[in-house]
Amino acid sequence: MQRKRLLTLIAILVIAVFALAACGGGATAPQPTKAPDVTKAPEPTQPPQQEEPTQAPPSGEVKPAEEIVVYNWSDYVHPDMYKIFTERTGIKIGEDNFSSNEDLLAKLQGGATGYSIIVPSDYTVAIMIEEGMLEELDHDNIPNLKNLDPEFTKLYYDPGNKYCVPYLWGTTGLGYNTEMLENPPKSWEGVFKAKESDPWYGRMTLLDDVREVFSAALIYLGYDNNTKDEAQLEEAKQLLIDAKKGLAGYDTDNYEDLVGSGENLLAHGWNGDFLQAADEYGNINYYIPEEGGTIWIDNMCIPKGVTPEQKLAAEMYINFVLEPEIGKMLGEYNYYATPNKEALAIADPEYKENPLVFPPEEIRAKLRFIKPLGEFESVYQRMWDEVKSAQ
Ligand code: SPD
């Protein structure tokens, strides 16, 4: 009898200790936060195990298409994302790539069809909505919209996410080879007025992107990067023409690899592209020059002209991307910032505390959005053509 009471007491004590441990009752010191090292990658994320089906196709007459094509920027998905989605839904995903918002716009305006999801940046979404180029989203098919940070549901170009869902956001600045360049230029002046004695002279590239390049030049000159003042634009154009002699070229597709391999030392480009390449080459860093840079939000949208079946499959894919585990996997792999608050809640500290992915307030204050300019967009394009064709 006494032994039985003793055993019961021991059992209660054991259960209590386990319960306390499970509740985190054990005292542990908070981990100190350390500045993230951009040259070292966090461990690749394990593809999440399926807990529940992504989303049962809504009952009704429409069945999702068997295959859809996403028209996206290159290197902008986690390598397992499409596979996981296909395993869950049976819907296959193909991908085609564009290099700039202007290329995407021109292609669709030129009548390209076959894409069920496109990924334009903020100002291009505004243009596409204005031109009636996007389908309205059926929010009933995208219940994971609730996972978006509220900040991303009130965007100037699409309040209430009527036409699109933010995918990732990032910044545009300069990346450099840390082994071959000890002191990269702090100011855009080093890019636009490079001297022959500068180690990066002739070994740097600018993005092949009209609005990004003019934004950098206008920010350097102290002007609004969305100016409609032709005299300011002329000045920026002349600066860009004079800067050409110090450039290896304009490049949007391989600039980070050319910096990593040491062929170039410095490049204008997107934060996540440099940080992904830093994983591969181990010798790249990224920064925003002292005058500032640009900030942007890329979005998943459905172009007009898709079939109801493609639209449903596209909405299922958008809903899938909004799952917390998928959002975490996508952001951590690409080193771009997720707009998904539930993904962020479960993300690794190394990701969410990386100031090159989530810039601190003093840097945020120096970042500018590229805005839609209506008819005036053609003035930028004309000046860009003049820059590109100048000898
Ligand atoms: N490799 C993915 C790059 C995505 C860049 N999109 C942003 C463009 C902003 N002008």
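1. Basis of the note. The structure is a predicted model, in which local features need pLDDT of at least 70, side-chain atom pairs count only at pLDDT 80 or more, and totals for chains, interfaces and linings use all residues. Residues are numbered from 1 along each chain as its sequence is written.

2. Overall composition. The protein contains 15 helices and ten strands. Helices (H or I, at least four residues) and strands (E, at least two) are DSSP runs, numbered from the N terminus. Of the 391 residues, 44% are buried. A residue is buried if 20 or more other C-beta atoms lie within 10 Å of its own, exposed if 12 or fewer, and partly exposed in between, with C-beta atoms placed from the backbone. Among contacts with a separation of 6 or more, 77% link residues 24 or more positions apart. Here two residues are in contact if their C-beta atoms, placed from the backbone, lie within 7 Å.

3. Strand β4. In strand β4 (residues 164-177), 14 of the 14 residues are buried, so this strand is largely enclosed by the rest of the structure. Two strands pair if DSSP finds at least two bridges between them. Strand β4 runs antiparallel to strand β9 (residues 293-301), with eight bridges joining them. Within this pairing Gly170 stands opposite Trp296, and Leu168 has Asp298 as its bridge partner. Five bridges join β4 to strand β7 (residues 266-270), again in the antiparallel sense, and there Gly173 stands opposite Gly269. Strand β8 (residues 284-287) is also antiparallel to β4, through four bridges, with Gly175 opposite Tyr286.

4. Strand β9 is mostly covered, since nine of its nine residues are buried.

5. Strands β1 and β2. Strand β1 (residues 67-73) has five of its seven residues buried, so β1 is largely enclosed by the rest of the structure. Seven bridges pair β1 with strand β2 (residues 92-98) in the parallel sense.

6. Helices α7 and α15. Two packed helices are described by the angle between their axes and the distance between the axes. The axes of helix α7 (residues 230-243) and helix α15 (residues 377-389) come within 9 Å and cross at roughly 25°. The two helices are therefore roughly parallel. Axes are lines fitted to C-alpha atoms, for helices over the stretch in contact, and angles run from 0 to 180 degrees between N-to-C directions. Angles under 35 degrees count as roughly parallel, over 145 as roughly antiparallel, 65 to 115 as roughly perpendicular and the rest as oblique. On the α7 side the contact involves Glu230, Leu233, Lys237, Leu240 and Ile241, which meet Val379, Met383, Glu386 and Val387 of α15. These residues divide into six nonpolar, no polar and three charged. Ala, Val, Leu, Ile, Met, Phe, Trp, Tyr, Cys and Pro count as nonpolar, Asp, Glu, Lys and Arg as charged, and the others, Gly among them, as polar.

7. Helices α6 and α15. The axis of helix α6 (residues 210-221) comes within 10 Å of that of α15, and the two cross at roughly 85°. Helices α6 and α15 are therefore roughly perpendicular to each other. Val210, Arg211 and Phe214 of α6 make the contact with Tyr380, Gln381 and Trp384 of α15. By class, this contact has four nonpolar, one polar and one charged residues.

8. Positive phi angles. Most residues other than glycine have a negative phi. Asp75 has a positive phi, near 50°, and is found in the loop between β1 and α2 (81-89). Asp75 is partly exposed, with 15 other C-beta atoms within 10 Å. Tyr335 also has a positive phi, near 60°, and lies in the loop between α11 (324-334) and α12 (341-346). Tyr335 counts as buried because it has 26 C-beta neighbours inside 10 Å.

9. Tyr250. This residue is found in strand β6 (residues 249-250). Tyr250 is partly exposed, with 17 other C-beta atoms within 10 Å. Not counting residues up to four places away in sequence, Tyr250 touches Thr205, Leu206, Leu207 and Asp208. The C-alpha atoms of Tyr250 and His268 are separated by 9.2 Å, and these residues are 18 residues apart along the chain.
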